[in-house]
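Colleague: Could you walk me through this structure? I would like to start with the overall picture and then move to details.

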Amino acid sequence: MSRHPDAELSAYAAGSLANDDRARVERHLADCAACRAAVADFRVLLEQLAATAPAPPEIAWPRYRAELGARREARASASWPSRWLRPLPLAAATAVAAACAVVLYLANGTPPAADLASIEYEGLAARMELIDNYRAVEQLDLLEDLDVIRNLDRLAPTREG
Amino acid sequence: METSDEALCQRVAGHDESAFDLLVERYQQRAFRLAWSILRDTEEARDLSQEAFMRLWAAAGSFRGHARFSTWFYRLLVNLCLDHRRKHRWWHQVFSREERADREQESPLERHAGPATDPTETIGRERALASVWDAAQRLSPQQRAVLVLHVQEEMAMSDVAAVMGCAEATARVHLHRALTTLRATLGKKEER
């Protein structure tokens with residue numbers, strides 16, 4: 001007896017084999033009761049599946065299309081402002097990084113020289129509440145947080161851990 | 001004469017809204033039914049079939065006309081559904097387990113098998129038929145998708161393979177594994 005044509009038995013039962021393959025499977029089936037039984041079961045299963053395919057729930061199609069239209073509009077209008085407003089959180093992060101640099105600089109114990117750079121550092125150091133609110137800044141994402149960035153100094157100092 | 005899907009898709013590539021609306025009307029029910037048959041969740045099916053139309057609007061230009069529009073669009077939709085299942089597999093597994101637990105909490109009357117000569121034989125047969133698709137819910141998403149496309153959408157295996165983005169032999173293997181699993185599952189049920 002030839003090797004069982006496993007994967008082809010289902011395709012044979014489904015009637016989707018080409019002529020040559022179908023003839024080869026039929027030659028095998030003539031000698032193999034186990035494969036004949038499998039094909040018979042597959043046919044019953046396919047008939048049951050076709051006859052009892054459950055219908056999906058009813059949908060209000062005008063509403064479906066309205067939702068789709070709203071989605072398209074929302075995506076079209078959301079795409080352009082986010083592109084140019086995206087650098088703002090980056091600016092906040094840069095400010096935090098600069099403030100950290102000041103802290104590290106001061107921690108070294110070297111008094112700042114009275115030059116333009118030190119004036120700039122002093123200015124940054126005066127805004128040290130950024131460091132106090134570092135946890136909040138760290139979690140800021142995009143534009144929906146723009147108001148938070150603007151009002152950082154109003155945040156109550158919430159030190160965790 | 002009715003404009004072909006392929007011609008409409010070319011017009012959608014040029015952002016023709018009326019062509020898009022026509023394609024949506026033609027395919028909304030088929031898209032939702034296919035997504036629902038794979039996912040078995042109304043909200044997910046609604047969301048992902050709409051997302052497929054969004055992708056159609058954005059990527060109609062990539063339809064080259066080598067296949068039928070329906071095959072190209074179904075592929076887009078089936079990929080979305082399978083990706084979604086892959087991403088939410090852990091959640092779905094937990095949910096399915098809860099669903100199975102709910103089903104197992106049947107009343108004592110339902111738990112005990114009825115007499116062999118059940119007068120409501122018809123009801124029993126209908127239950128058995130319904131359980132074929134219940135059992136199909138436990139197949140892998142790929143196997144279920146192949147089954148749905150071939151049995152429910154009545155697609156030839158060559159088209160099923162095109163939608164699934166695989167060789168026809170691979171699609172046949174998915175079908176065979178699906179039927180073998182169903183045969184084993186339902187056979188075990190009948191033995192009880």
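Predicted model: local features only at pLDDT ≥ 70, side-chain atom pairs only at ≥ 80, totals over all residues.

Colleague: How many helices and strands does chain B have?
Modeller: Chain B has 10 helices and 0 strands. From the N terminus on, its elements therefore read α-α-α-α-α-α-α-α-α-α.

Colleague: And how many are there in chain A?
Modeller: Chain A contains 9 helices and 0 strands, and its order from the N terminus is α-α-α-α-α-α-α-α-α.

Colleague: What share of each chain counts as buried?
Modeller: In chain B, 34% of the 192 residues count as buried. In chain A, buried residues make up 12% of the 161 residues.

Colleague: What about contacts between residues 24 or more positions apart?
Modeller: Taking contacts with a separation of 6 or more, such residues account for 61% in chain B and for 59% in chain A.

Colleague: Which residues is B:A35 in contact with, leaving aside neighbours within four places in sequence?
Modeller: B:A35 is in contact with B:A45, B:L48, B:S49, B:L77 and B:C81.

Colleague: B:L77 and B:C81 again bring up α4(B). At what angle do α2(B) and α4(B) pack?
Modeller: The angle is about 35 degrees, and the axes are 10 Å apart. Helix α4 of chain B covers residues 69-87, and the crossing of α2(B) and α4(B) is right-handed.

Colleague: Which residues make that contact?
Modeller: On α2(B), the contact is made by B:Y27, B:A31, B:L34, B:A35, B:I38 and B:L39. On α4(B), the residues are B:F73, B:Y74, B:L77 and B:C81. By class, this contact of α2(B) with α4(B) has 10 nonpolar residues, no polar and no charged ones.

Colleague: Changing topic, how many residues of chain B are in contact with chain A?
Modeller: There are 29 residues of chain B in contact with 29 residues of chain A. On the chain B side, α2, α3 (42-59), α7 (121-136), α8 (141-152) and α10 (168-191) each supply at least two residues. The residues of that side comprise 19 nonpolar, 6 polar and 4 charged.

Colleague: In chain A, why is helix α1 described as largely enclosed by the rest of the structure?
Modeller: Helix α1 of chain A spans residues 6-13, and 6 of its 8 residues are buried, so it is largely enclosed by the rest of the structure. The buried residues in α1(A) are A:E8, A:L9, A:S10, A:A11, A:Y12 and A:A13. Helix α1(A) is followed by A:G15, which has a positive phi near 70 degrees.

Colleague: Which phi does B:R40 have, and where is that residue placed?
Modeller: B:R40 is not a glycine, yet its phi is positive, at about 55 degrees. B:R40 is in the loop between α2 and α3 of chain B. It counts as partly exposed because it has 17 C-beta neighbours inside 10 Å.

Colleague: Then B:E154: buried or exposed?
Modeller: B:E154 counts as exposed, with 9 C-beta neighbours inside 10 Å. B:E154 lies in the loop between α8 and α9 (157-164) of chain B. Its phi is positive, at about 55 degrees, although B:E154 is not a glycine.

Note on methods
Residues numbered from 1 in each chain as written. Chains lettered and ligands numbered in written order. Contact = placed C-beta atoms within 7 Å. Helix = DSSP H or I, 4+ residues; strand = E, 2+ residues; numbered from the N terminus. Nonpolar A, V, L, I, M, F, W, Y, C, P; charged D, E, K, R; others polar. Buried ≥ 20, exposed ≤ 12 C-beta atoms within 10 Å, placed from the backbone. Axes fitted to C-alpha atoms, helices over the stretch in contact; angles between N-to-C directions. Left-handed = near helix turned anticlockwise from the far one by under 90°.
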